Amino acid sequence: MYLWDEIVDSYDKELESVRSNLSEGSASDYATYKELVGFHSGISWAKNNILSIVKKRYYDNEES
């Protein structure tokens with residue numbers, strides 16, 4: 001398993017945890033809900049960004 005696979009797996013686990021918290025109604029108020037949604041958004045962005053960087057740096061260079 002490559003390093004970025006472990007990173008993506010870690011992001012996926014955290015995203016699932018946040019989704020579970022949201023679906024179970026663990027947000028006690030609107031501010032907490034917004035925080036969880038923002039956290040989910042940030043992790044999603046980071047995951048997509050790392051995948052994009054790895055693809056550009058690693059896979060595109062292999063094809064050259």
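**Surface, fold and contacts**

Mentor: Start with the surface. The chain exposes about 5,000 Å², and carbon and sulfur atoms supply 52% of that area. Keep in mind that this is a predicted model.

Trainee: What share of the 64 residues is buried?
Mentor: Buried residues make up 16% of them. Buried here means under 20% relative accessible area.

Trainee: And the fold? How many helices and strands does the chain have?
Mentor: Two helices and zero strands. The radius of gyration is 15 Å, well over the 11 Å that the globule rule gives for 64 residues, so the chain is more spread out than a compact globule.

Trainee: What box do the C-alpha atoms fill?
Mentor: Roughly 50 × 20 × 15 Å, taken along the principal axes.

Trainee: Where do the helices run?
Mentor: Helix α1 covers residues 3–23, and helix α2 covers residues 30–63.

Trainee: Which polar contact joins the side chains of Lys47 and Asp12?
Mentor: One of 2.5 Å.

Trainee: What else is Lys47 in contact with, leaving aside neighbours within four places in sequence?
Mentor: Besides Asp12, Lys47 is in contact with Val8, Tyr11 and Leu15.

Trainee: OK, the other salt bridge. Which residue does Arg19 pair with?
Mentor: Glu16. The closest N and O atoms of the two are 3.3 Å apart. Arg19 and Glu16 are three residues apart in helix α1, so about one helical turn separates them.

Trainee: How accessible are Arg19 and Glu16?
Mentor: Arg19 is partly exposed, with a relative accessible area of 40%. Glu16 is partly exposed too, at 41%.

Trainee: Does Arg19 turn up elsewhere, or where should I look next?
Mentor: Look at His40, in helix α2. His40 touches Arg19, along with Leu15 and Val18, not counting residues up to four places away in sequence.

Trainee: How far apart are His40 and Glu14?
Mentor: In sequence, 26 residues. In space, their C-alpha atoms are 8.3 Å apart.

Trainee: Now a contrast. What separates Glu35 and Lys55?
Mentor: Along the chain, 20 residues. Their C-alpha atoms are separated by 30 Å. Glu35 is found in helix α2, and at 57% relative accessibility Glu35 counts as exposed.

Trainee: Back to the surface. Which residues form a nonpolar patch?
Mentor: Tyr2, Tyr58 and Tyr59. Together they have about 300 Å² of accessible area.

Trainee: Where is Tyr2?
Mentor: In the segment before α1. Tyr2 is partly exposed, with a relative accessible area of 45%.

Trainee: And where does Tyr59 lie?
Mentor: In helix α2. Tyr59 is partly exposed as well, at 36%.

Trainee: What does Tyr59 touch, not counting residues up to four places away?
Mentor: Trp4 and Val54.

Trainee: Last one. How far is Tyr59 from Arg19?
Mentor: They are 40 residues apart in sequence. C-alpha to C-alpha, they are 31 Å apart in space.

Notes: Residues numbered from 1 in each chain as written. Predicted model: local features only at pLDDT ≥ 70, side-chain atom pairs only at ≥ 80, totals over all residues. Heavy atoms only, no water. Helix = DSSP H or I, 4+ residues; strand = E, 2+ residues; numbered from the N terminus. Salt bridge = Lys/Arg side-chain N within 4 Å of Asp/Glu carboxyl O. Buried < 20%, exposed > 50% of the residue type's maximum accessible area, 1.4 Å probe, protein only. Patch = residues over 30% accessible without salt bridge, like charges linked within 9 Å, V, L, I, M, F, W, Y side chains within 5 Å. Areas by Shrake-Rupley, 256 points an atom, 1.4 Å probe, with all protein chains shown as cover. Polar contact = N/O pair within 3.5 Å; in protein donor to acceptor, adjacent residues only side chain to side chain. Contact = heavy atoms within 4.5 Å. Rg over C-alpha atoms; globule rule 2.2 N^0.38 Å.
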